[in-house]
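Hi everyone, thanks for making time this morning. Let me put the model up on the screen, and then we can walk through a few parts of it together.

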Amino acid sequence: MNACDFHKDSSFPIEIIDASLNNIKEEVSVFADYSFIRLETLDTCLLENIVKVDIQGDAVYLLSSYGGKIYKFTGEGRYVWQLKQGNGPGELIFATDFFIDSLNHSVYVLDNYRELKVYSFDGEYMRTEPLPTLAFLFTKKEDSFLCFDPNLKKKSNFNFFVSQNGKIVMEGLRKRDGNRNVGYMPSNVFAFYSDDSVYVQHMLSDTIYFCSLSDKHVCPAYFIKTDGLSVNTYDIDFPDSRSFYQICKEKNYVSGLAGFSLYNNKIYLTMSHEGLPLYVIHDIDTGNSGVFTSLCAGLPNSFHCVGRNTSGIIYCYTMEELMEYASQSTFINKDLKNMIKKSKTEDNPVLIVFK
């Protein structure tokens, strides 16, 4: 592996994403259109805080919460199945991520930080594939598993590794000593750029890294400039996670950029400033960046980005959020407004696919 450092290797070009408050675009929203999926509410599928969604054809797969259940719904939001939790064969203990392998018609679930359990599209358990070390998030490319460790293993020097046949074949994203004791639960860190390359970004770094699976190297690709807003700008040693978030609150620092997505050759990120979401967009083709204060006209702003695919970028709204907003605003989408009128606050969340 060749692990580059953007301070030392000038041969690898680094682009700047301007996420400063001087670059705010208030005259336009990030998205102009959307569709929605109302998830059926049944006693068998009362959903918690949804953390990941993947829409594949006419099927919706989701993880209800970290350590929660994996569910399958139809494209219209009808409940299909859930994977069983427990200590029995093929049952899940603490799921933190999943991957839909459409080519092999299988669902991979990262369970208990250390193994991948594989199920059919019908929810039947097939097999277990162990990982060589702890991970919280992962994605899959052919026979490679790209894994992310948000400081689960204190002695590890890297946040990112690639596993093949149960062995580490590549590592990257060296941990900063001052952040080693900050544990966190990222929602997404990977975005595939091509068949053999992926971008990786996490909240304890203001750099987006480029990983080439064929060449086996990891190098910085983008630096996110916040003009001192980000806590990562400062060289601070944090003894634990509590001190990290306490300092961010006291100093009004952005604690990390999240919701990392790549869609239509644009990079999307979300950051929180003074309790409000700001949406950072970078156009890869033109090199232009912008910070937006509005996600989409006719919908409330949200931090809750839960997925991305060829259809768009997926956000999750509770029924209570939509009802409160609908009581104060006029929705552009009449179908969504009519659906809200017939719903209850305790109903399952609604998925919004932004285009």
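Predicted model: local features only at pLDDT ≥ 70, side-chain atom pairs only at ≥ 80, totals over all residues.

Let's start with a sheet: four strands, open, in the order β13-β14-β15-β16, with antiparallel pairing. At its edges are β13, covering 137-141, and β16, covering 167-174, and each of these pairs on one side only. Going from one strand to the next, the twist averages 20°. As a reminder, strands of a sheet pair through backbone hydrogen bonds, in either a parallel or an antiparallel way.

Inside that sheet, look at β14, residues 144-148, and β15, residues 158-164: they run antiparallel and are joined by 4 bridges.

The protein chain averages a pLDDT of 92, and 97% of the residues score at least 70. The part to treat separately is residues 1-10, where pLDDT stays under 50. For that stretch the model has 17 contacts beyond four places in sequence.

Now to another pair of strands. β17, residues 190-194, pairs with β18 in the antiparallel sense, over 4 bridges. The two form a hairpin with 2 residues between them. Which residue in β18 is the bridge partner of Ser194? That would be Ser197.

β18 also brings us to the aromatics. Searching the whole structure turns up 22 aromatic pairs. Take Tyr199 and Phe210: their ring centres are 5.9 Å apart and the planes stand at 65°, which is over the 60 degrees needed, so the pair counts as edge-to-face. Tyr199 lies in β18 (residues 197-200) and Phe210 in β19 (residues 207-212), so this pair ties together parts that are 11 residues apart in sequence. Are these two buried or exposed? Both Tyr199 and Phe210 are buried.

Tyr199 has a further partner, Tyr222. With ring centres 5.7 Å apart and planes at 70°, Tyr199 and Tyr222 are edge-to-face as well, because that angle is again over 60 degrees. This pair links distant parts of the chain, with Tyr199 in β18 and Tyr222 in β20, residues 217-225, 23 residues apart. Tyr222 is buried, as is Tyr199.

Elsewhere, one aromatic cluster is formed by Phe31, Tyr34, Tyr268, Tyr315 and Phe354.

The charged end of Lys52 sits over the ring of Phe98, 4.9 Å from the ring centre. Lys141 lies over the face of Phe192, and there the distance to the ring centre is 5.8 Å.

Last stop: Ile314, which has its place in strand β26, residues 312-317. Why does Ile314 count as buried? Its relative accessibility is 0%, and the cut-off for buried is under 20%, so Ile314 qualifies. Setting aside neighbours within four places in sequence, what is Ile314 in contact with? Its contacts include Val53 and Ile55, then His304, Cys305, Val306, Gly307, Arg308 and Asn309, and also Leu351, Ile352 and Val353. If you'd like a distance to check in your viewer, the C-alpha atoms of Ile314 and Met185 are separated by 19 Å, and these residues are 129 apart along the chain.

How values were computed: Residues numbered from 1 in each chain as written. Heavy atoms only, no water. pLDDT = per-residue confidence, 0-100. Contact = heavy atoms within 4.5 Å. Pairing = 2+ DSSP bridges. Axes fitted to C-alpha atoms, helices over the stretch in contact; angles between N-to-C directions. Phe/Tyr/Trp six-rings, centres within 6.5 Å; stacked < 30°, edge-to-face > 60°. Buried < 20%, exposed > 50% of the residue type's maximum accessible area, 1.4 Å probe, protein only. Lys NZ or Arg CZ within 6 Å of the ring centre and 35° of its normal.
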